[in-house]
Structure formats: C-alpha cells, structure tokens
Amino acid sequence: PISFLGAAFDAGLDQASNRDPTFGRGGEGYAKRFGADFAGQTTWRFFTDFAYPTIFSEDPRYYRLIRGSGRQRFLHAVAHTFVAQRDSGKHMFNVSLFLGTATAVALGDVYHPGNERGFTPALRVSGFALATGMGFDVLREFWPDIARKLHMPFRDTRESPTAETGHSPQ
C-alpha cells in the first residue's frame, strides 16, 4: 500500500509542476504520471533491494546503531549509502545502491519520455536519489528516539535497548 501512496503523492507533485509535459493535464495526465512513477519506484526497489544484492551477495538493509553518541549514529547512517555488508558480515562498497540507482534512472527515461536526456541530468537525478536515501537512513536511525521523546502514538512501546547488548530486548 505504501508504494501506491508514494506513487500517488509523487504523481500529484509532478502533475502540479507539470513535470514531463508530454503526459498532458487532467485525469489522463495524472494517470500516466502515476503509472510512470509507480513503474520507476518498482524498478528502483527491484534493482536496489533484490537483483543487485543477490548478484553481489550484499545485504541491502539498514541496521540501526542504537548506542553511541549522536555524531557516531549520524555518521553510521550516512555511511550506509557508501558501505554495505556482504552476506558474510564483511563490509563492502554499496554496489547495489549505486548500480540500482543508475539503472532505475536510466530506465526512468523510458517511463518519462519528456525527461531531459544525457549524462548531466542523469547524474543530478541519481545524486538527488542517493541524498534522499541518505536522509531516510538518518531518519531511521533517530526516529524511535524522536517518537519516544515526543510521546507519539504508533511508536515502539517496548523498553529501551539494554545497555549490555545495545540491542532491543526480545
């Protein structure tokens, strides 16, 4: 469901700004934008979360540091864009994220016929996607702390991680 909501939101932004005017306006233009955004999102997830991680024996998931100073945790979250874990637990360059992003951006030109073509626009879109992912990793790292401090609903109501292990109690 979140994929559909994300694509609907992105299509709404694209419709409002008339991104890729070849889609036109109105309901038909929105439907085309929704389809293109959903296809792009699905392509990105397929390549970054499945295909390339499988090929390179890489674990694409983000693991919170939980313990450590704010600076350590922030740098850990930022580093995930560049450093991933192999299935064996050893660290490696995050090949699947970079290749998956490049593949999705290249295929995005198929879904969006009005996109600006070329290396520079592709580099700009890829950089934005990587920076957005980095921001979400930072949010993943600190969101449980923020939600707990603000007494927000829908937060993890279990106790804080134990000091001995640094992991949440089971």
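In which helix do Phe 34 and Phe 38 both lie, and how many residues apart are they? Both residues belong to helix 2, where a spacing of 4 residues places them about one turn of the helix apart. The model examined here is predicted. Its protein chain has a mean pLDDT of 85, with 90% of the residues at 70 or more. Over residues 162-170, pLDDT stays under 50, and the model has 12 contacts beyond four places in sequence for this segment. Where pLDDT is low, predicted coordinates should not be read in detail.

The structure contains 8 aromatic pairs. The pair formed by Phe 34 and Phe 38 is stacked, because the ring centres are 6.2 Å apart and the planes meet at 15°, which falls under the 30 degrees required for stacking. Phe 34 is partly exposed, its relative accessible area being 24%. Phe 38 is likewise partly exposed, with a value of 25%. Elsewhere, ring pairs join Phe 46, Phe 47, Phe 50, Tyr 52 and Phe 56 into a cluster.

Helix 2 spans residues 26-55 and includes Arg 33. This arginine is buried but has no salt bridge. Asp 14 provides the nearest side chain of opposite charge, at a distance of 5.7 Å; a salt bridge would need a separation within 4 Å. A polar atom of the Arg 33 side chain does, however, lie 2.7 Å from the backbone oxygen of Gly 24. With neighbours within four places in sequence set aside, the residues in contact with Arg 33 are Ala 11, Asp 14, Gln 15, Asn 18, Arg 19, Asp 20, Pro 21, Phe 23 and Gly 24.

Trp 44 is also located in helix 2. Its relative accessibility of 30% makes Trp 44 partly exposed. The C-alpha atom of Trp 44 is 7.6 Å from that of Thr 103, although 59 residues separate the two along the chain. Beyond four places in sequence, Trp 44 touches Asp 49, Leu 97, Gly 100, Thr 101 and Ala 104.

The structure holds 7 salt bridges. One of them, between Glu 28 and Lys 32, has its closest N and O atoms 3.4 Å apart. The two residues are 4 positions apart in helix 2, so about one helical turn separates them. Glu 28 counts as exposed at 56% relative accessibility, whereas Lys 32 counts as partly exposed at 36%.

A salt bridge also connects the side chains of Arg 73 and Glu 141, with an N to O distance of 2.8 Å. This pair links distant parts of the chain, since Arg 73 is in helix 3 (residues 70-79) and Glu 141 is in helix 5 (residues 119-149), 68 residues apart. Both Arg 73 and Glu 141 are buried. The two residues take part in a network of salt bridges together with Asp 145 and Arg 148.

Helix 5 also contains Asp 137 and Arg 140, which are 3 residues apart, about one turn of the helix. Their side chains form a salt bridge with an N to O distance of 2.4 Å. Asp 137 is buried at 5% relative accessibility, while Arg 140 is partly exposed at 44%.

Key:
Residues numbered from 1 in each chain as written. Predicted model: local features only at pLDDT ≥ 70, side-chain atom pairs only at ≥ 80, totals over all residues. Heavy atoms only, no water. Buried < 20%, exposed > 50% of the residue type's maximum accessible area, 1.4 Å probe, protein only. Lys, Arg positive; Asp, Glu negative; His and termini not counted. Polar contact = N/O pair within 3.5 Å; in protein donor to acceptor, adjacent residues only side chain to side chain. Contact = heavy atoms within 4.5 Å. Phe/Tyr/Trp six-rings, centres within 6.5 Å; stacked < 30°, edge-to-face > 60°. pLDDT = per-residue confidence, 0-100.
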